[in-house]
Amino acid sequence: MKLLDLAEQQDPIAYDEIINKIQNIELKKDLSTLIYALSYYPSEPIFEWIIDWILSGSWEVAHQACLLLDNIDELSGQRVNCAWDKIQAALKSTELEDWRRNLIENEVLVCFE
């Protein structure tokens, strides 16, 4: 994937292409690869997407998103408060898959400490 090669070089044009492809994605199977490509860029601008991917993405997407979350050193304010509320609501759901609950409890919540 040429786009992935450009992402590894932290090419700013590739970043814009990745974001555009995610926003217009037709093949969900490509999402985890695109999220992986984002690991070469700052994660703060897409914090809300990361949380949504963790809470609703496939196993692979959620785990890739969790790696992006780990790349964020510090974030505060309303964005974090909204994410926290979403996470808490998800944890209260009886429909939450066991693997996702484990991911959230063991990997995500520690990022909010």
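**Helix packing and a pocket**

A: α2 passes α3 in a left-handed crossing. Left-handed means the near helix is turned anticlockwise from the far one by less than a right angle, and right-handed means clockwise. Helices (H or I, at least four residues) are DSSP runs, numbered from the N terminus. This is a predicted model: local features need pLDDT of at least 70, side-chain atom pairs count only at pLDDT 80 or more, and totals for chains, interfaces and linings use all residues. Residues are numbered from 1 along each chain as its sequence is written, and side-chain values use heavy atoms, with hydrogens and water left out.

Q: Which residues of α2 and α3 make the contact?
A: From α2, they are Y15, I18, I19, K21 and I22. From α3, they are L31, L34, A37 and L38. Contact means heavy atoms within 4.5 Å.

Q: And by class?
A: The α2 contact with α3 has 8 nonpolar, no polar and 1 charged residues. Ala, Val, Leu, Ile, Met, Phe, Trp, Tyr, Cys and Pro count as nonpolar, Asp, Glu, Lys and Arg as charged, and the others, Gly among them, as polar.

Q: At what angle do the axes of α2 and α3 cross?
A: Roughly 150°, and the axes come within 10 Å. That makes α2 roughly antiparallel to α3. The cut-offs are under 35 degrees for roughly parallel, over 145 for roughly antiparallel, 65 to 115 for roughly perpendicular, and oblique for the rest. Axes are lines fitted to C-alpha atoms, for helices over the stretch in contact, and angles run from 0 to 180 degrees between N-to-C directions.

Q: What about α4 and α5?
A: Helix α4 covers residues 47–56 and helix α5 covers 59–70. Their axes come within 8 Å and cross at roughly 145°. α4 passes α5 in a left-handed crossing.

Q: Which residues touch there?
A: F47, I50, I51, W53 and I54 of α4 meet V61, A62, A65, C66, L68 and L69 of α5. They divide into 11 nonpolar, no polar and no charged.

Q: New topic. What volume does the largest pocket have?
A: About 190 Å³. Its lining has 7 nonpolar, no polar and 4 charged residues. Among the lining residues are F47, L69, D70 and E113.

Q: Where is R101?
A: R101 is in helix α7, residues 98–108. Leaving out residues up to four places away in sequence, R101 touches L91, S93 and L96.

Technical notes: Helix = DSSP H or I, 4+ residues; strand = E, 2+ residues; numbered from the N terminus. 1 Å grid on protein atoms, 1.4 Å probe; cavity = no way out; pocket = protein on both sides within 12 Å on 5 of 7 lines; lining within 4 Å. Points joined across faces, edges and corners; volume = space filled by probe spheres on them.
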